[in-house]
Amino acid sequence: MVMRRFYAAATMTTSAWSSQLARRVRITDLLVLLWVVFGTQIAWVGLDYTTPGFSGSRSDVSVSYTVVSLVIVAAWMIALELYDTRSPRVLGVGSQEYRAVADSALRLFGLVAIFAFLLKIDIGRGYVLISFPLGVVVLIFSRWMWRQWLGVQRRSGEYSSRVLLVGSMDSVMVIARELERMPEAGYRIAGACVPGRGDDHLAGTGIPVEYGVDHALAVMRDFGADTVVITSADELGPDRVRELSWGLIPGAEHLVVAPSLIDIGGPRIRTRPVAGLPLMHVETPKFEGRKLVAKRVFDLVVAFALVAVLSPLLVVLAICVKATSPGPVFYRQERVGLKGTPFTMLKFRSMSDGADAQLAGLLAQHGTDTQPLFKVRDDPRVTRIGRVLRKYSLDELPQLFNVLHGTMSLVGPRPQRRAEVELYDRTAGRRLFVQPGMTGLWQVSGRSTLSWEESVRLDLYYVENWSITGDLAILLRTFRAVVAPGRGAL
């Protein structure tokens, strides 16, 4: 117990590090806005230019653009604060932070336009139309840089809330596994409090356990934690949970309730208080309607642009494949797509001609013929040019024509062979609810280093929570993975 208190004393509390982080982010936000707004002003109208205001009154006045810029910067800083963009709940993880930054700018843009109209201030359209979008882009880039730094800090245990998990053993194990899988979320597990008796640590982990949930508050402080995470309420009951919340020090200690839901994206969750009950509404995922139309238009526009830009590279790669090994340039194979519909997928050929006939023997040799992820490490069928194509995912580029044809999407679960699909269980079968993609969430989360179970889990998360914004994020991560493929590339 002494060691626990010593470690807790050497670690910043949630309130301390969140205030420090918010203060640092606030400073960089201010610097970004000053640079963008005043830079746009100087580039567009100059530093001392004035614009007429209150036109038509008996005493017209001129308003300096410098004053306008200062007002916009100040209002923008207030908007970022009001939209909770610097809260420890959003900083460093998820897309909510970026959406809040963009939303605050959009609302501020509308207010500036309304005030300029009502006060008859003739603000240059170019000044406004450049400063706001550019400000959003640079702000998001600044937040992304903070996120990279914060991720490094949190992986080493800093800038994280120390939490005590309270609930049944099964629910505690699930939440512990998820939080330890993603330290960037900012929750570091100090210990667990469960009913019954058992080992001193959670199975397979170094997380210490105290038994008996009636004294969870004292256990939390003994472990040096400042946050209680209730993983299941059956062991406590509503009255005990309420008493536990009353016992927390306001502003210094925190209560988090984890519902029995995993892999549900934030946009699908709505909390609605009804008669004192915090009801959580979880929207059912939709696989039709306007979102699908928007996704198809997005696919067509981006795929056509990529084909136009990359056409010289496609020609060079085709020549290299043809010149370095006998056989066709393209590899065509039947894959299973949306709702189990088969289609022909295109790739640049990266293996020797006739390699499919050797697959069954190689899978049996490696003992992976019963797993629905047919991958062969150090595959002897791959050609020399094929290894380069595969490492940088260049062999996948012809699938842009699959996207244009409508049998694939830019982003989605990777299409698999019929033999692999036949090994699906009911859970994995939900991968077929959306169009297969050239890239997907598991490709940018580890590629060939992931197990089949981990790949399915990531694909199902995408199926249940996909959005155009999410697709853009995955495409950006794909570009980074292609440029720096790492050890996950085959």
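What share of the contacts in the chain with a separation of 6 or more comes from residues 24 or more positions apart?

1. In this predicted model, residues 24 or more positions apart account for 70% of the contacts in the chain with a separation of 6 or more. The chain has 490 residues, of which 44% count as buried, and its secondary structure comes to 15 helices and 13 strands.

2. The largest cavity holds about 50 Å³ of space, while the volume of the second largest cavity is about 40 Å³.

3. The largest cavity is lined by V336, G337, L338, P413, R414, P415, Q416, Y424, R431, L432, V434 and P436. Sorted by class, this lining comprises eight nonpolar, two polar and two charged residues.

4. The second largest cavity has L21, V25, L91, G92, E97, R143, W146, R147 and L150 in its lining, and these residues divide into five nonpolar, one polar and three charged. Two helices, α2 (14–44) and α5 (125–155), each supply at least two residues of this lining, with α5 giving the most, namely four residues.

5. R147, one of the residues that line the second largest cavity, has its place in helix α5. Is R147 buried or exposed? R147 counts as buried because its relative accessibility is 15%, which is under the 20% cut-off. Leaving aside residues up to four places away in sequence, R147 touches V90, G92, V93, G94, E97 and Y98; of the residues in that list, G92 and E97 also belong to the lining of the second largest cavity.

6. Helix α14 spans residues 452–465, and its 14 residues reach 20 Å from the first C-alpha to the last, close to the 20 Å expected at 1.5 Å a residue. The helix is mostly covered, with 10 of its 14 residues buried; these are W452, S455, V456, L458, D459, L460, Y462, V463, E464 and N465.

7. A last point concerns D199, which is found in the loop between β4 (187–194) and β5 (209–211). D199 counts as exposed because its relative accessible area is 58%, which is over the 50% cut-off. Even so, D199 touches V209 and Y211, not counting residues up to four places away in sequence. D199 and V209 are 10 residues apart in sequence, and their C-alpha atoms lie 7.5 Å apart in space.

Notes: Residues are numbered from 1 along each chain as its sequence is written. This is a predicted model: local features need pLDDT of at least 70, side-chain atom pairs count only at pLDDT 80 or more; totals for chains, interfaces and linings use all residues. Side-chain values use heavy atoms; hydrogens and water are left out. On a 1 Å grid over the protein atoms alone, a cavity is a set of points where a 1.4 Å probe fits but cannot get out, and a pocket is an open set with protein on both sides within 12 Å along at least five of seven lines; lining residues have an atom within 4 Å of a point. Grid points are joined across faces, edges and corners, and a volume is the space filled by probe spheres set on the points. Ala, Val, Leu, Ile, Met, Phe, Trp, Tyr, Cys and Pro count as nonpolar, Asp, Glu, Lys and Arg as charged, and the others, Gly among them, as polar. The expected span of a helix is 1.5 Å times one less than its number of residues. Buried means under 20% relative accessible area, exposed over 50%, partly exposed in between (1.4 Å probe, protein chains only). Contact means heavy atoms within 4.5 Å.
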